Amino acid sequence: MSLYALLDFDTLKKYNITIKDFCKTSKGLKAKILQYRDKNSSFEEKLKRIKEIRKYWKKPLIINDTLELLSFADGIHIGQEDLKNLCEKYNLSPFEIVEKIRNGKWEIKNNKFYFCKEKRNKNKIIGLSTHNKEEILKANKLPLNYIGLGAYRPTTTKNTSNILGKNIIELIKYSYHPVAVIGGVKIYDKIPAKFKVVGSDICKLTSIQLKKKKIFKRR
């Protein structure tokens, strides 16, 4: 089971740690992937931060939701509602949306995202959040790289009414795609999935390490 680090910018502010600090801890924990999630900043602020992340993180970088930033990342993670909205906006099926994003059939002009017929970009990683058996079975029909499955535990970074707990172990078996367990996952959790997505726990560990470092310097 590999670590998938979730850099949620609001959580970084809560723990008063920097992007550099988070990336350093994630590398120390041997994380394989890092996702940048930022629900409240402007596009310009997000772009500035994703460029900063790139300075400290050389492994695969995933963005959350913001298609306009896809040129600066290795892939994107979207939610069920995001996929539905994209289907309605572009009048395409879920399969077509995922296939076009993954295979680079898109372009960005003036910070606007457009789908196109011809392949224009490198292949991208694409993940989709799922929460139950029905959504997993639908995801099996899509050309995804992985699915997120959760929430494993309650989490403060998202409203989670659907807590799967240990039931997640049985649900993992239904997925044809690699599974990344999401929602309240801890660094040392052991779950039979491809990835465990950890955000707040990395921030907490980073904060503790920084405080210890300050105490040591005072001595």
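How many salt bridges does the count come to in this predicted model? The count comes to eleven salt bridges.

**View 1. Closed barrel of eight strands.** The strands run in the order β1-β2-β3-β4-β7-β8-β9-β10 and close into a barrel with parallel pairing. Neighbouring strands of this sheet are turned against each other by 25° on average, direction ignored. Helix α2 (residues 19-28) packs on the sheet and touches β1 (2-8) and β2 (33-37). The direction of α2 makes about 175° with that of β1.

View 2. Strand β7 covers residues 125-130, and five of its six residues are buried. Four bridges join β7 to strand β4 (residues 75-78), and these two strands run parallel. His-77 has Gly-127 of β7 as its bridge partner. β7 also pairs with β8 in the parallel sense, over four bridges. There, Gly-127 stands opposite Tyr-146 of β8.

View 3. Strand β8 (residues 146-149) pairs with strand β9 (residues 179-181) in the parallel sense over three bridges. The bridge partner of Leu-149 in β9 is Val-181. A cis peptide bond joins Gly-150 and Ala-151, with omega about 15°. Ala-151 belongs to the loop between β8 and α7 (168-172).

**View 4. Crossing of helices α4 and α5.** The axes of α4 (residues 80-90) and α5 (residues 94-102) come within 9 Å and cross at roughly 95°. The two helices are therefore roughly perpendicular to each other. On the α4 side the contact is made by Leu-83, Leu-86, Cys-87 and Tyr-90, and on the α5 side by Pro-94, Ile-97 and Val-98. The residues of this contact divide into seven nonpolar, no polar and no charged.

**View 5. Salt bridge between Asp-8 and Arg-37.** The side chains of Asp-8 and Arg-37 meet in a salt bridge of 2.9 Å, N to O. Asp-8 lies in strand β1 and Arg-37 in strand β2, so the pair ties together parts that are 29 residues apart in sequence. Asp-8 is buried, with a relative accessible area of 7%. Arg-37 counts as buried at 7% relative accessibility.

View 6. Lys-105 forms a salt bridge with Glu-99, with the closest N and O atoms 3.1 Å apart. Lys-105 is partly exposed at 22% relative accessible area, whereas Glu-99 counts as buried at 18%. The cut-off for buried is under 20%, so these two residues fall into separate classes. Lys-138 forms a salt bridge with Glu-134, the closest N and O atoms being 3.5 Å apart. Both residues lie in helix α6 (residues 133-139), four residues apart, about one turn of the helix. Lys-138 and Glu-134 are both exposed. A network of salt bridges links Glu-107, Lys-109 and Arg-120.

View 7. Ile-53 lies in α3 (residues 43-56) and is buried, with a relative accessible area of 0%. Leaving aside neighbours within four places in sequence, Ile-53 is in contact with Leu-7, Ile-19, Cys-23, Leu-34, Tyr-36 and Leu-61. The C-alpha atoms of Ile-53 and Cys-23 are separated by 7.5 Å, the two residues being 30 residues apart along the chain.

View 8. Phi of Asn-16 is near 55°, a positive value in a residue other than glycine. Asn-16 is found in the loop between α1 (9-15) and α2, and is exposed, with a relative accessible area of 68%. Asp-65 also has a positive phi, about 75°, although it is not a glycine. Asp-65 sits in the loop between β3 (61-64) and β4, and is partly exposed at 23% relative accessible area.

Methods: Residues numbered from 1 in each chain as written. Predicted model: local features only at pLDDT ≥ 70, side-chain atom pairs only at ≥ 80, totals over all residues. Heavy atoms only, no water. Pairing = 2+ DSSP bridges. Axes fitted to C-alpha atoms, helices over the stretch in contact; angles between N-to-C directions. Contact = heavy atoms within 4.5 Å. Parallel < 35°, antiparallel > 145°, perpendicular 65-115°, else oblique. Nonpolar A, V, L, I, M, F, W, Y, C, P; charged D, E, K, R; others polar. Salt bridge = Lys/Arg side-chain N within 4 Å of Asp/Glu carboxyl O. Buried < 20%, exposed > 50% of the residue type's maximum accessible area, 1.4 Å probe, protein only.
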